[in-house]
Amino acid sequence: MSHTINIMLAGPRGKMGAEALKLIERTDHFHLVACLDRKYDGMKVQDIEGLPALDAPIYTNPNHAFDQVNADVLIDLTNPEAGYEHTRLALLHQVRPVVGTSGFTDDQLNTIKQLSTDYETGVVIAPNFAMGAVLMMRFSQMAAKYFSDVEIIEKHHDQKLDAPSGTAVKTAQLIQESRPSQSQGHPNETETIDGARGADYDGFKIHSVRLPGYIAEQEVTFGQAGQTLKITHSSTDRYSFMSGVHFAVEQVMQQDDYVYGLENLME
Ligand SMILES: NC(=O)C1=CN([C@@H]2O[C@H](COP(=O)(O)OP(=O)(O)OC[C@H]3O[C@@H](n4cnc5c(N)ncnc54)[C@H](OP(=O)(O)O)[C@@H]3O)[C@@H](O)[C@H]2O)C=CC1
Ligand SMILES: O=C(O)C1=N[C@H](C(=O)O)C[C@H](O)C1
């Protein structure tokens with residue numbers, strides 16, 4: 001019998017938050033103790049139309065929530081601004097954050113890492129919870145050892161706030177670890193329309209597509225004379241992220257430090 005894990009969830013009405021509530025509801029040893037939201041202060045989750053019958057209270061002031069509620073884990077699925085503040089507060093209260101929210105700056109990630117050390121509290125930052133996406137990133141890192149020319153194309157729904165996606169940034173970092181720095185394409189290439197060649201990361205390009213109809217997709221294309229290699233992952237349902245959320249919640253309970261990427265927790 002697993003030990004009960006008390007969870008505070010930020011962003012319960014969001015696309016991911018609503019899916020995470022269902023995960024918590026169906027997992028026997030996950031117990032929702034509170035939600036952080038922008039609205040409905042003092043109400044219960046079960047009082048909000050469309051949300052499951054869970055009697056956890058909703059707080060709009062995260063300070064009050066962390067002062068009043070005993071949580072083991074914070075799951076954050078909000079936006080970069082709120083997510084950073086929630087994660088910071090969680091660490092100050094020695095609540096272990098599992099962060100799916102993307103779009104943090106390097107400075108913010110460094111502060112989170114430092115707080116994790118200072119408060120001896122584990123934190124998992126997961127650019128992508130889908131196991132297939134984690135493998136796609138690792139395969140891309142492997143391929144970059146042999147194919148030094150690469151471009152990343154990520155495609156998301158048009159409600160996404162941050163670009164490039166957290167997944168694309170993490171993929172780019174893993175590729176950078178595997179290939180020597182170099183710039184690609186023709187040295188004299190010009191853009192007749194600004195941005196046509198995408199964003200530059202260590203000499204290679206990242207392209208962000210935003211369209212209704214997509215959930216999340218990424219294609220990493222490698223090229224060398226006479227051949228191309230494409231490594232692609234698609235999430236066609238947000239359910240795809242939930243086994244990773246489950247895994248991260250379990251894992252963060254065993255952690256005392258900062259983990260950036262689920263691949264660091266997989267054998
Ligand atoms: N790591 C991963 O695998 C994945 C990560 N994500 C990331 O998760 C985040 C959420 O994505 P998604 O669910 O699609 O986005 P949504 O916009 O659907 O949901 C975000 C939710 O956060 C709420 N919110 C905004 N500000 C606050 C606040 N201050 N306190 C509490 N709640 C707040 C919003 O409320 P309101 O609507 O009222 O503004 C909304 O309900 C994004 O950063 C996204 O990139 C998404 C999918 C997978
Ligand atoms: O906003 C999304 O939807 C997603 N965000 C994450 C990211 O920025 O990579 C993960 C996934 O791609 C879905």
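**Grounds for the terms used**

Analyst: H157 sits in the loop that runs between strand 7 (149-156) and helix 6 (166-178). The model is a predicted one, and the UniProt record, in an unreviewed entry, places a "binding site" feature at H157, G166 and T167.

User: Why is H157 called partly exposed?

Analyst: H157 has 13 other C-beta atoms within 10 Å. A residue is exposed at 12 or fewer and buried at 20 or more, with partly exposed in between. The count of 13 falls between those limits, so H157 is partly exposed.

User: Which residues is H157 in contact with, leaving aside its neighbours within four places in sequence?

Analyst: They are P212, Y214 and I215. The term contact requires C-beta atoms within 7 Å.

User: What makes T167 buried?

Analyst: T167, which is found in helix 6, has 26 other C-beta atoms within 10 Å. The cut-off for buried is 20 or more, and therefore T167 is classed as buried. Leaving aside neighbours within four places in sequence, T167 is in contact with P127, N128, A133, E154 and Q218.

User: How do you know that helix 1 is oblique to helix 7?

Analyst: The axes of helix 1 (residues 15-26) and helix 7 (residues 242-252) come within 10 Å and cross at roughly 60 degrees. Because angles under 35 degrees count as roughly parallel, over 145 as roughly antiparallel and 65 to 115 as roughly perpendicular, with the rest oblique, helix 1 is oblique to helix 7. The crossing is right-handed.

User: Which residues of helix 1 and helix 7 meet, and how do they divide by type?

Analyst: E19, A20 and L23 in helix 1 meet M242, V245 and H246 in helix 7. The residues of this contact divide into four nonpolar, one polar and one charged.

Methods
Residues are numbered from 1 along each chain as its sequence is written. Chains are lettered from A and ligands numbered from 1 in the order in which they are written. This is a predicted model: local features need pLDDT of at least 70, side-chain atom pairs count only at pLDDT 80 or more; totals for chains, interfaces and linings use all residues. UniProt positions are given in the numbering used here, feature names are shortened, and annotations may be inferred rather than shown by experiment. Helices (H or I, at least four residues) and strands (E, at least two) are DSSP runs, numbered from the N terminus. Two residues are in contact if their C-beta atoms, placed from the backbone, lie within 7 Å. Axes are lines fitted to C-alpha atoms, for helices over the stretch in contact, and angles run from 0 to 180 degrees between N-to-C directions. A crossing is left-handed if the near helix is turned anticlockwise from the far one by less than a right angle, and right-handed if clockwise. Ala, Val, Leu, Ile, Met, Phe, Trp, Tyr, Cys and Pro count as nonpolar, Asp, Glu, Lys and Arg as charged, and the others, Gly among them, as polar.
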